[in-house]
Amino acid sequence: MFNRIKQDIQAVKDRDPAAKNTLEVVLCYPGLHALLAHRVAHFFSRRGLVLLPRLFSHLSRFLTGIEIHPGARIGESFFIDHGMGVVIGETTEIGSNVTLYQGVTLGGTGKETGKRHPTIGDNVVVGAGAKVLGPIEIGENSRIGAGSVVLQTVPANATVVGIPGRVVYYNGEKVPSINLNHTDMPDPVAEALNRLQEQIDQLRCQKMDCSQAGLRNGGMCKSGHENL
Ligand SMILES: CC(C)(COP(=O)(O)OP(=O)(O)OC[C@H]1O[C@@H](n2cnc3c(N)ncnc32)[C@H](O)[C@@H]1OP(=O)(O)O)[C@@H](O)C(=O)NCCC(=O)NCCS
């Protein structure tokens, strides 16, 4: 038990450059407080108690802003940075060395019963405000971008961003995506008008009209015909 608490404190020191010493971590990190409260609540929950662990979890939520259901299984060296608004559902399973930022939800979609929350692999990082929903798996070493909504299983060693979440890196390689940059799309109407304008210029030149245009453009009309 004490070994585990030491690991949890060390996880904060390892992963938050702002953490200066052990006393500061013990006193000022709501993620650590919520985790310790959860370890106690989970202990009672596994022994078949219902109300006492829920009360523990509820009190912890009141104090830290982090809601972890007593049934959730959490591995060693777990770190919740900042913490406020984190929700972890009853059937969530979390591996070792996992990091969550504030506002993360590991929740259900509302459609499933039984196992209805995600399974998070070792060394996963879930960015601020990300929602991981349903009984899906997040493979080890994967990263979920801040604000993403992930509804499908993610392979190991992947980076997922967006709504719905899509893999942008896999095994360190960038995954090519469709270019949806609408602002740079060709404008066929403008192109047709430009072509029309060029033809009009040419005709003007050919009809000797371009003597005036040539004067304006230094002896050449706009389409490149010499001043006639
Ligand atoms: C997802 C994340 C880990 C990716 O980091 P990275 O490996 O350096 O990836 P890149 O910055 O090269 O981004 C890859 C692509 O994903 C996009 N992207 C990155 N993060 C994104 C996000 N959160 N939402 C949407 N798109 C995102 C980038 O714009 C880039 O797109 P492009 O290829 O079209 O240019 C990181 O951006 C992130 O969100 N980390 C969470 C950090 C956090 O929550 N901090 C809270 C501190 S309080």
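In helix 4, Pro 53, Phe 56, Ser 57, Ser 60 and Thr 64 are buried, a residue being called buried if 20 or more other C-beta atoms, placed from the backbone, lie within 10 Å of its own, exposed if 12 or fewer do, and partly exposed in between. These residues are on the same side of helix 4 because they cover an arc of only 95 degrees around the axis, where the arc is that of the directions from the helix axis to the C-beta atoms. An α-helix has 3.6 residues a turn, so residues three or four places apart point the same way. The face of helix 4 turned away from the buried side carries the exposed residues Leu 51, Leu 59 and Phe 62.

The model is predicted; local features need pLDDT of at least 70 and side-chain atom pairs count only at pLDDT 80 or more, whereas totals for chains, interfaces and linings use all residues. Residues are numbered from 1 along each chain as its sequence is written.

Leu 63 lies in helix 4 and is exposed, with 12 other C-beta atoms within 10 Å. The C-alpha atoms of Leu 63 and His 33 are separated by 8.8 Å, although the two residues are 30 apart along the chain. Just after helix 4, Gly 65 takes a positive phi of about 80 degrees.

The chain has six helices and 16 strands, assigned as DSSP runs (helices H or I, at least four residues; strands E, at least two) and numbered from the N terminus. Buried residues make up 31% of the 228 residues in the chain. Helix 5 (residues 188-206) is hardly covered, as the count of buried residues among its 19 residues is one.

The largest nonpolar core has 38 residues, of which Phe 78, Ile 80, Leu 100, Val 104, Val 126, Val 132 and Ile 144 touch the most other members. A nonpolar core is here a set of buried Ala, Val, Leu, Ile, Met, Phe, Trp, Tyr and Cys residues joined through C-beta atoms within 7 Å. Elements that each supply at least two residues of this core include helix 1 (2-15), strand 9 (125-126) and strand 14 (158-161), while helix 3 gives the most, with five residues. Val 126 touches Leu 100, Tyr 101, Val 104, Val 132 and Ile 144, not counting residues up to four places away in sequence.

Thr 159 is found in strand 14 and is buried, with 22 other C-beta atoms within 10 Å. Thr 159 and Ile 144, 15 residues apart in sequence, are 5.9 Å apart in space, C-alpha to C-alpha.

Strand 14 and strand 15 (166-170) each supply at least two residues of the shell around the ligand. Of the 14 residues around the ligand, Gly 127, Ala 128, Gly 145, Ala 146 and Val 161 come nearest, a residue being near if its C-beta atom, placed from the backbone, lies within 6 Å.

Notes. Two residues are in contact if their C-beta atoms, placed from the backbone, lie within 7 Å.
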